[in-house]
Amino acid sequence: MESFETYRPYLFAIAYRMLGSAMDAEDIVQETYLRYQTHQPEQVDSLKAYLTTILTRLCMDQLQLARRKREQYVGPWLPEPIQTDEAAETSDPEKRVDMEESISLAFLMLLEELQPFERAVFLLREVFGYEFAEIAAILAKSEAACRRSFSRAKQHLRDHRPRFPASRETHQQLLTGFLRAVEVGDMAALTGMLAEDVTLWADGGGKVKGAATRPVYGRDSVARFMVGTRRFWPDDAYVEPEEVNGQIALIVHVDGQPFTVLTVEVEQGKIRAVRIVANPEKLTHV
């Protein structure tokens with residue numbers, strides 16, 4: 001028999017992609033449960049659609065609030081990383097690849113550039129497979145408006161996603177080489193792995209020494225930043241590669257706790273983006 005708990009993981013999957021924050025996603029899922037308990041209608045044709053409607057509308061409201069809060073955020077804001085594994089959210093290999101891509105930090109950052117309505121339409125259609133008529137009902141908008149928003153969102157993502165993304169093996173090899181070069185301070189090896197127009201974002205939330213408060217641009221600047229900030233790691237820090245947001249990432253641990261999560265975006269055999277999450281409030285799910 002269907003119940004709210006049947007759909008809790010599914011609802012979290014939508015909320016996390018909508019908000020880029022696991023903590024906020026959990027809160028929204030719980031709020032959805034409370035509203036479902038309080039305003040349960042006598043008859044629901046589809047419990048899944050009913051819960052999705054409540055959750056998605058709550059997420060859109062939350063996004064509006066979050067955008068205002070981020071205007072006061074210290075330094076670059078990055079999504080909150082979450083640990084994932086091979087089991088992921090589906091056993092179908094093809095679908096799993098799509099789901100992993102839709103949860104990557106790079107993809108979530110692109111979603112941040114969409115308006116809340118566009119983001120909701122795109123995710124419901126592209127990632128979760130809803131028909132436009134269903135999306136229109138969920139968002140209380142016309143089907144035509146949903147189609148227009150989806151088209152705009154898809155074009156935006158198409159324009160900004162890597163045209164030739166790397167294989168999982170190439171991605172892991174570059175990440176391993178990147179770590180090795182940083183640890184020994186090998187500037188030549190490091191710059192050789194970076195794209196000329198590479199960008200680095202470091203999210204410390206104003207709470208971490210050495211975190212850049214602005215994006216770092218260019219091969220030499222990013223290499224110098226990485227080698228320079230290595231000295232801020234505690235003496236007992238150790239690094240382990242683990243799957244985060246559907247991709248292999250480097251997690252720096254101190255005293256058994258995550259200290260930093262580092263991910264890279266690879267295109268045509270070069271690292272084109274480095275994203276570092278060090279804000280301790282964002283590391284509870286890794």
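The request and the reply follow.

Colleague: Please look closely at strand S5 (residues 257-267), where Val 261 lies. Which residues does Val 261 touch, not counting residues up to four places away in sequence?

Modeller: This is a predicted model, and what follows should be read with that in mind.

The protein chain has eleven helices and six strands. Its radius of gyration is 20 Å, close to the 19 Å that the globule rule gives for 286 residues, so the chain is as compact as a globular protein of that length. The C-alpha trace spans about 65 × 40 × 40 Å along its principal axes. Of the 286 residues, 50% count as buried. When contacts between residues at least 6 apart in sequence are taken, 66% of them join residues at least 24 apart. The chain exposes about 14,500 Å², and carbon and sulfur atoms supply 49% of that area. There are 34 positive and 43 negative charges, and their mean positions are 6 Å apart.

Now the strand itself. Val 261 is in strand S5, which covers residues 257-267. Its relative accessibility is 0%, and because buried means under 20%, Val 261 counts as buried. With residues up to four places away in sequence set aside, Val 261 touches Pro 81, Val 244, Ala 249, Leu 250, Ile 251, Arg 275, Ile 276, Val 277, Leu 283 and Val 286. Ala 249, one of the residues touched by Val 261, is twelve residues from Val 261 along the chain, and the two C-alpha atoms are separated by 6.9 Å.

Thr 260 lies in strand S5 as well. Thr 260 is buried, with a relative accessible area of 8%. Leaving aside neighbours within four places in sequence, the contacts of Thr 260 are Leu 250, Ile 251, Val 252, Ile 276, Val 277, Ala 278 and Leu 283. Thr 260 and Leu 250 are ten residues apart along the chain, with 8.1 Å between their C-alpha atoms.

Asn 245 has a positive phi of about 50° although it is not a glycine. Most residues other than glycine have a negative phi. At 1% relative accessibility, Asn 245 counts as buried. Ala 140 can be set against it: its phi is near 55°, again a positive value in a residue other than glycine. Ala 140 is in the loop between helix H7 (132-139) and helix H8 (143-160). Ala 140, however, is exposed, with a relative accessible area of 56%.

Thr 199 is in strand S1 (residues 194-203) and, at 10% relative accessibility, counts as buried. Apart from residues up to four places away in sequence, Thr 199 touches Pro 215, Val 216, Tyr 217, Val 222, Arg 272, Ala 273 and Val 274. Thr 32 is found in a helix, H2 (residues 22-38), and counts as buried at 0% relative accessibility. Once its neighbours within four places in sequence are left aside, Thr 32 is in contact with Phe 4, Leu 51, Ile 54, Leu 55 and Leu 58.

Last, the cysteines. A search of the whole structure finds zero disulfides. The sulfur of Cys 59 has its closest cysteine sulfur in Cys 146, and at 16 Å that is too far for a bond. Cys 59 is buried, with a relative accessible area of 0%. Cys 146 is buried too, and its relative accessible area is 0%.

Conventions. Residues are numbered from 1 along each chain as its sequence is written. This is a predicted model: local features need pLDDT of at least 70, side-chain atom pairs count only at pLDDT 80 or more; totals for chains, interfaces and linings use all residues. Side-chain values use heavy atoms; hydrogens and water are left out. Helices (H or I, at least four residues) and strands (E, at least two) are DSSP runs, numbered from the N terminus. The radius of gyration is taken over C-alpha atoms; the globule rule is 2.2 Å times the number of residues to the power 0.38. Buried means under 20% relative accessible area, exposed over 50%, partly exposed in between (1.4 Å probe, protein chains only). Contact means heavy atoms within 4.5 Å. Accessible areas come from the Shrake-Rupley method with a 1.4 Å probe; for residues, only the protein chains shown count as cover. Lys and Arg count as positive and Asp and Glu as negative; His and the chain ends are not counted. The place of a charge is taken as NZ of Lys, CZ of Arg, CG of Asp or CD of Glu. A disulfide is a pair of cysteine sulfur atoms within 2.5 Å.
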